[in-house]
Amino acid sequence: MMSMPGSMRTHDEIHQARRLRRKLERRWRKSQLEIDRQAYVEQRNATNLLIEHSKQVYYKHEFQNADCKAIFKKVDGLLNKTTKQLPVHDSAKDLSNDFATYFNDKIKAIYLSLEDGLTDPNSEGSVPSSPSLSEFDLLSETDIRQMINKAAKKSCLLDPVPTWFLHENIDSFVPIITQIINGSLSTGIFPSS
């Protein structure tokens, strides 16, 4: 039960209402009579209203007398949002080193648990080698034409060539665009703009 300033009378009222509610519920469960059920339901509703009113008064009082920080703290408490607390530590440097050690050990354990064929995590070059992209297939003019035709017809003022213009003059642009793309793929040099 919340401690509310000046609410001793309300606290006693709620306590009495709950006792009566439990008493009526036991009577109804024992007798299974409709009149006992109705008496229990009425008392349950009255008790819930009394509790709800008491909470409203309490929170109204709490929020009226709180600064912004306290209000946010209370709302977080109502929403069951707990603030994240760091583990106990002597210095931030020690804590960060402990985190690094923990995660490093965890990664090593994961590597060790993986199937054979991976390199030892303690050795140099412990990351498994990934396939390299040393050669690209060149594109044909048909490939480029299909990509341009599939592109959206909308454009922006910042586009060097408006899309509608590119679509209208596709026969002129396709050989040039194909040459630029294939040149970039074969040399590995990509224009910056």
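Is R145 buried, partly exposed or exposed? R145 counts as partly exposed, at 29% relative accessibility; buried means under 20% relative accessible area, exposed over 50%, and partly exposed in between (1.4 Å probe, protein chains only). This is a predicted model, in which local features need pLDDT of at least 70 and side-chain atom pairs count only at pLDDT 80 or more, while totals for chains, interfaces and linings use all residues. Residues are numbered from 1 along each chain as its sequence is written, and side-chain values use heavy atoms, with hydrogens and water left out.

**Salt bridges**

- The structure holds four salt bridges, a salt bridge being a side-chain nitrogen of Lys or Arg within 4 Å of a carboxyl oxygen of Asp or Glu.
- One of them joins D171 and R145 through their side chains, at 2.9 Å from N to O. Since D171 lies in helix α7 (residues 170–187) and R145 in helix α5 (residues 141–150), the pair ties together parts that are 26 residues apart in sequence.
- Helices here are DSSP runs (H or I, at least four residues), numbered from the N terminus.
- E62 counts as buried because its relative accessibility is 19%; K74 is partly exposed, with a relative accessible area of 28%.
- R29 forms a salt bridge with E25, and the closest N and O atoms are 3.2 Å apart.
- Both R29 and E25 belong to helix α1 (residues 8–31), where they are four residues apart, about one turn of the helix.
- E25 is partly exposed, at a relative accessible area of 23%.

- H167 is found in helix α6 (residues 163–168).
- With 17% relative accessibility, H167 counts as buried.
- The side chain of H167 reaches the backbone oxygen of I148 at 3.3 Å. A polar contact is a pair of N or O atoms within 3.5 Å; within protein, one must be able to donate a hydrogen and the other to accept it, and residues adjacent in sequence count only if both atoms are side-chain atoms.
- Leaving aside neighbours within four places in sequence, H167 is in contact with I148, N149, A151, A152 and K153, where contact means heavy atoms within 4.5 Å.

Definitions and conventions. Helix = DSSP H or I, 4+ residues; strand = E, 2+ residues; numbered from the N terminus.
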